[in-house]
Amino acid sequence: MHRLTLNLTTVALVAGLLACAPSDSATRSAGAAAAPADLMALSQNLASGDVRVVDLSQVLNEQTPVIQLPPPFANTPGYERHLISEFDEKGPGWYWNWFSVGEHTGTHFDAPCHWATGKGLECVDTAEPARFVGPAVVIDVTDEVANNPDFIVTRATIEAWEAEHGRIPPRAWVLMRSGWASRANDAKEFLNVGEDGMAHYPGFGQESAEFLTRERDILGVGTEAIGTDAGIGAAHDPAFPNHAIMHGAGKFGLTNLANLDQLPPVGAVLIAAPLKLERGSGSPVRPIALVPAR
Ligand code: 23J
Ligand code: MN
């Protein structure tokens with residue numbers, strides 16, 4: 001494996017030199033990180049099972065829950081699948097569907113232009129694709145949420161995590177592991193509307209958002225629940241403070257995540273690329289995490 005990696009580095013270097021390409025890839029190969037060889041190593045590690053791919057999405061179907069905003073606000077439709085043909089007179093040799101779906105349905109990506117504070121900032125089509133990829137840090141608050149469905153990540157939550165796992169790395173996706181994904185197949189449980197008429201699910205809030213946008217370098221945050229803000233964030237000032245602060249700072253959101261229990265606290269790399277919907281404020285997405293198997 002090592003010998004092969006070295007050989008590939010050599011091949012890349014020689015190829016670069018032979019081509020007389022004063023390319024920055026050749027320049028970079030001479031430095032510490034040989035980018036082409038690293039990608040070959042990743043590919044080999046995937047084939048050998050040394051790197052696993054974890055699917056962080058929930059299945060998208062007609063039962064997928066959608067957020068319920070109170071009147072007078074409009075709500076989003078969910079997902080609907082419409083058959084075009086299935087090996088029948090409308091298409092004897094092929095099966096295909098079309099679908100309709102809200103931008104913010106199921107496992108999805110929130111772009112900065114989704115929020116008033118981010119008006120004029122990137123939508124899904126104009127966001128820089130390099131910012132879809134970054135190291136994942138996973139903050140496990142499963143115990144706190146089991147005792148309190150209204151749990152909101154604070155600065156103290158993050159500082160306690162960093163004391164144990166180290167500083168959040170640059171360009172990180174900060175993911176909140178809550179256990180809430182186990183409710184995703186039951187809209188009533190997932191939204192958890194109480195007798196007070198409020199939804200009670202956990203999330204990020206004003207303090208975590210201010211800390212992460214001002215004092216750390218992140219791509220965005222992700223949660224298992226229906227939104228990145230906690231349900232009770234609807235009643236905060238500003239309403240939905242994580243949305244307001246994150247998107248105002250040009251950061252992204254990921255919601256309805258699954259399988260966070262399969263990620264280490266640090267060490268995974270997350271890729272979350274939304275559809276290139278023109279002026280899309282968000283998009284269903286299938287985030288995948290690359291995880292060292294050992
Ligand atoms: C619209 C209004 C409030 C919220 C949301 C959408 C979301 O959670 C979302 O999917 O971005 S909180
Ligand atoms: Mn959204």
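The report below goes from the whole chain to the sheet, a helix, a loop residue and the ligand.

## Before you start

This is a predicted model, in which local features need pLDDT of at least 70 and side-chain atom pairs count only at pLDDT 80 or more, while totals for chains, interfaces and linings use all residues. Residues are numbered from 1 along each chain as its sequence is written, and chains are lettered from A and ligands numbered from 1 in the order in which they are written.

## The chain as a whole

The secondary structure comprises eight helices and 11 strands. Here helices (H or I, at least four residues) and strands (E, at least two) are DSSP runs, numbered from the N terminus.

Of the chain's 294 residues, 36% are buried. A residue is called buried if 20 or more other C-beta atoms lie within 10 Å of its own, exposed if 12 or fewer, and partly exposed in between, with C-beta atoms placed from the backbone. Among contacts between residues at least 6 apart in sequence, 72% link residues at least 24 apart; a contact is a pair of residues whose C-beta atoms, placed from the backbone, lie within 7 Å.

## The sheet

Follow the order β1-β11-β9-β5-β6-β7-β8-β4-β10 and you trace an open sheet of nine strands with mixed pairing. At its edges stand β1 (51–55) and β10 (282–284), each with a single partner strand, so one side of each has no neighbour in the sheet. From one strand to the next, the twist averages 25 degrees. Two strands pair if DSSP finds at least two bridges between them.

β1 runs antiparallel to β11 (residues 288–292), with five bridges joining them, and R52 has V291 as its bridge partner in β11. β11 also pairs with β9 (residues 268–271), again in the antiparallel sense, over three bridges; there, V269 is partnered by L290. By contrast, β6 and β7 run parallel and are joined by four bridges, with A172 bridging to I218 in β7.

## Helix α7 and its surroundings

Helix α7 spans residues 206–214, and its buried residues are Q206, S208, A209, F211, L212 and T213. These buried residues pack against α5 (155–165), β6 (172–177), β7 (218–222) and α8 (241–248).

How do α5 and α7 meet? Their axes come within 7 Å and cross at roughly 55 degrees, which makes α5 oblique to α7. R155, T157 and I158 of α5 make the contact with E207, S208 and F211 of α7. By class, this contact has two nonpolar, two polar and two charged residues. Axes are lines fitted to C-alpha atoms, for helices over the stretch in contact, and angles run from 0 to 180 degrees between N-to-C directions. Angles under 35 degrees count as roughly parallel, over 145 as roughly antiparallel, 65 to 115 as roughly perpendicular and the rest as oblique.

## A buried loop residue

P202 sits in the loop between α6 (187–191) and α7. Why does P202 count as buried? The reason is its 27 C-beta neighbours inside 10 Å. Leaving aside residues up to four places away in sequence, P202 touches V145, P149, D150, F151, I152, S178, W180, A225 and A230. The C-alpha atoms of P202 and F151 are 4.8 Å apart, although 51 residues separate the two along the chain.

## Around the ligand

Around ligand 1 you will find I67, L69, H104, D110, H114, G227, D229, F240, H243 and T255. A residue is included if its C-beta atom, placed from the backbone, lies within 6 Å of the molecule. This shell has three nonpolar, five polar and two charged residues. In this classification Ala, Val, Leu, Ile, Met, Phe, Trp, Tyr, Cys and Pro count as nonpolar, Asp, Glu, Lys and Arg as charged, and the others, Gly among them, as polar.

Technical notes:
Contact = placed C-beta atoms within 7 Å.
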